[in-house]
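Some notes follow on one strand with its partners, and on one pair of packed helices. Please read them with the structure open.

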Amino acid sequence: MKMSINRRQISRRNILAGAAALGLTSTLAACGGSDDEDSGESSGPVKLTYWSWAPNMEKVAAIWNKKNPDITVTVSKQGSGAEILTKVITAKKAGNAPDLIQAEYQSLPTLVSNDVLADISKYVGDAKGDFAEGLWDMVTLGTDAVYGVPQDSGPLMFYYREDLFKKHGLSVPKTWTEFAETARAAKKALPDAYLTTFSSNDPGLFAGLTQQAGAKWWTVDGGGKWTVGIDDAASRKVAEFWGGLVQEGVIDNQPMYTPAWNNALNKGTHIGWVSAVWAPGVLVSAAPKTQGNWRMAPLPQWKAGDNVTGSWGGSSTGVSTDSKHAEAAAKFAHWINTDPEALAALVKEVGIYPAATSGQSGDVLTTPAFFPNQKDFYTTAAEIAATTATAAWGPNVQTAYTAFNDGFGKATKAKKEAQFTSALSTMQSKTFDDMKKQGFEVTEA
């Protein structure tokens, strides 16, 4: 799936439309990293700073530094999520943003609209073939520019207690209709348990589920006008589906990552989890008593025979418009996300699932210790990752996410399907109003 954007007409200037209202530059010539701009390279040794929140990233950079003494990279550990986003925008306003930035995919439009990320297409454009089309589209924002090199990905999958499914004759769902049927059958077989829960404390999962259904929460046309479509038919279908199951009482309504949620997984009162490829690492600490009892399967489909998944999480390596060494920085960004030795180190030291297709197989990706019964775990994961739908992010994702936490939090407590759909409408209106207030040219789908 692709974002509904005209690739040939839209430009960096269009993405920056509305930036003047934020006190930002309004001309493309002032934006670092454009194709007609000097890269700022100078002779002599180059020293680059890389802001990243991932653990042990400095160990990966050390491999590069040993091989490239003339271009050394120093990793500066930062907070993740909104923390690094706010900090790097502040640094940009002060004119001292780092050379390299670990940027989540959903943060890219915000960083571009704040003139933080440079277009590095002339340095890394040939890397496109190293990644699934959906992932590459996330760093181009549907344009001919490239605002980062994909680093890791989080394709969605379905995890289930294989032992309990077998014991109670439950079927692994291949469609969402079957998923609902399995939820009802599980509740009947295990009255004190649920197939899974709908959680309102992490909007990333819901966003990924709507992407699989074909949602495009933000799009921008060739003239720079944004469209907010959070309350579209695809997203409404997902909200109604989960809201209906919660109201029916066959899906739990408690949030993830709490002691109660951990206990439900550990005791077997939650026997499934819609999650991403990184789930085994969570289950190790959340449900240690269940090791060897889980199995992973592709995400259920809306239509039998379809083969598409959404994503939950993932990040890229971008180059800032403040960097005086854009070409050298882009060279490192390309290396760390495509070089075999770098990819192996990212898996071993940082614990990520590489975005590069070549990094999604091989000896370094050994079967997760928590899944000893599924030797083909990463083979299956790679097949699923290749079907990742393109996510359509916008410049105010955090506003939408905050509205999700609030609206869907109330809806899950009320256990009313109608409140799930009204929460989606509220997300739409708050996101639209915020963009309009910021000065973007925006309409609603």
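1. Gln102 has Thr317 in E9 as its bridge partner. Strand E9 covers residues 311-319, runs antiparallel to E3 and is joined to E3 by 5 bridges. Two strands pair if DSSP finds at least two bridges between them. Helices (H or I, at least four residues) and strands (E, at least two) are DSSP runs, numbered from the N terminus.

2. This is a predicted model: local features need pLDDT of at least 70, side-chain atom pairs count only at pLDDT 80 or more, and totals for chains, interfaces and linings use all residues. Residues are numbered from 1 along each chain as its sequence is written, and side-chain values use heavy atoms, with hydrogens and water left out.

3. Strand E1 (residues 46-52) runs parallel to E3, with 2 bridges between them. Trp51 stands opposite Ile101 of E3.

4. Is E3 mostly covered or mostly open? In E3 (residues 100-104), 5 of 5 residues are buried (under 20% relative accessible area; exposed is over 50%, partly exposed in between; 1.4 Å probe, protein chains only). Leu100, Gln102 and Glu104 are buried on one side, Ile101 and Ala103 on the other. In a regular strand, side chains alternate between the two faces of the sheet.

5. Helices H2 (residues 57-67) and H14 (residues 340-350) pack at about 155°, with axes 8 Å apart. Axes are lines fitted to C-alpha atoms, for helices over the stretch in contact, and angles run from 0 to 180 degrees between N-to-C directions. H2 is therefore roughly antiparallel to H14 (over 145 degrees).

Note on methods. Angles under 35 degrees count as roughly parallel, over 145 as roughly antiparallel, 65 to 115 as roughly perpendicular and the rest as oblique.
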